[in-house]
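Welcome, and please have your viewer ready with the selection panel open.

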Amino acid sequence: MSVELSDDQRSIRDAVRDLCEKFPDAYWRKLDETAAYPEAFLNALSTGGWLAALIPEEYGGTGLGITEASVILEEINHSGGNAGACHAQMYIMGTVLRHGSEEQKRRWLPEIASGALRLQAFGVTEPAAGSETTRIQTTAVRRDGRYIVNGQKVFISRAEHSELMLLLARTTPYEELKDKTRGLSVFMVDLREAVARGTVQIKPIRTMMNHHSTELFITDLEIPAENLIGEEGLGFRYIIDGWNAERILIAAESIGDGRWFIERASKYAKERVVFGKPIGANQGVQFPLALAHAHLEAANLMRFHAAGLFDQGKRCGAEANMAKLLGADAAWEAANACLDAHGGYGFAAEYDVERKFRETRLYTVAPVSNNLVLAYLGQHVLGLPRSY
């Protein structure tokens, strides 16, 4: 299978690379030090239309495929940036696009495409449920043309920097369900209004990387009934429907990280002289980088295979999960090889290795743990019913 980019895809990659050159290592290093949000970078991406890649042209987007979207995010991380600050703007809207009404699409997608509205937050995870999404406890009770929502969400990224949020809440008590995947519904929430009214309180969570994670406390939040996406009770299936896109894009970001690590390590290994020769002349430095490179290229093949299936409208759950698994593992392997090559200097902030090291580690456990991916793939290989 060939993974050679088309002329159009190379043009996209080169244009994103040119944009990223305006936001060098020092820009991201300063953001990391101050826990600030990359407003200028996000605005530049929005102006260029890159975050609207997956929105059809009829709704103001560029109508590209997941393959092109993955090229965009890969290049951001390859250039030393952190696409995690904005990647959700690409794939969260897929729930609206695939399951929303025509009125909802025309109401939200054009402004999301232009950057006038940010849909960066996805309210799913809860403290007591973790990865067992069907166990969430946040409730949405319908009353007089609206839903009243109460509950708590945790590790919700970018909520402080998003005007809109997709929220998953329980509309049928768990105990009343035979099919436990039902009874959950998806809503669009206007965070600006909710925060102003005090019905959503956002508490930042300090983490080891600058990922803008938060905890949400939801008290008597009123959501108009017309903000329900799709049918009541089918929200879990709508969420799953978007996971394949998310997995593929995360794989691409990991591959971008891996390329950054290998390139930085190779450059340093050729320049750093110890005992009278460049450290790259030693096989102890070469072999870890060579192995990481090989694993990264294998992950890249699976990324393009999964993306190709997705763009053709074919089933790609296993392939998308394998791409995410292999990409995250290969990037983490490259990160360790890069840190080892730099030695003590790898821990110095000015080299940016430690920053990228922390950022890439996230993807082995989020947005889904690689252990959970392996459990899914194990069931797939054995032909067993999936437990999630």
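## The nonpolar cores

Start with Phe41 and Ile76: these residues have the most contacts inside the largest nonpolar core, which has 67 residues. Next, select helix α9, residues 235-271, which gives this core its largest share, 8 residues. Keep in mind as you go that the model is predicted.

Now centre the view on Phe41 and show its surroundings. Leaving aside neighbours within four places in sequence, Phe41 is in contact with Leu19, Cys20, Phe23, Tyr27, Trp28, Ile76 and Cys86.

Then move to another core, which lies apart from the largest one and has 21 residues.

Switch to a cavity display. How many cavities of 30 Å³ or more are there? The count comes to 4, and the largest cavity holds about 60 Å³ of space.

To see what surrounds the largest cavity, select Trp28, Leu31, Asp32, Pro38, Asn82, Ala85, Asn210, Arg355 and Glu359. Colour this lining by residue class and you will find 4 nonpolar, 2 polar and 3 charged residues.

Which helices each supply at least two residues of that lining? They are α2 (25-34) and α12 (353-361), with the largest share, 3 residues, coming from α2.

Key. Residues are numbered from 1 along each chain as its sequence is written. This is a predicted model: local features need pLDDT of at least 70, side-chain atom pairs count only at pLDDT 80 or more; totals for chains, interfaces and linings use all residues. Side-chain values use heavy atoms; hydrogens and water are left out. A nonpolar core is a set of buried Ala, Val, Leu, Ile, Met, Phe, Trp, Tyr and Cys residues joined through side-chain atoms within 4.5 Å. Buried means under 20% relative accessible area, exposed over 50%, partly exposed in between (1.4 Å probe, protein chains only). Helices (H or I, at least four residues) and strands (E, at least two) are DSSP runs, numbered from the N terminus. Contact means heavy atoms within 4.5 Å. On a 1 Å grid over the protein atoms alone, a cavity is a set of points where a 1.4 Å probe fits but cannot get out, and a pocket is an open set with protein on both sides within 12 Å along at least five of seven lines; lining residues have an atom within 4 Å of a point. Grid points are joined across faces, edges and corners, and a volume is the space filled by probe spheres set on the points. Ala, Val, Leu, Ile, Met, Phe, Trp, Tyr, Cys and Pro count as nonpolar, Asp, Glu, Lys and Arg as charged, and the others, Gly among them, as polar.
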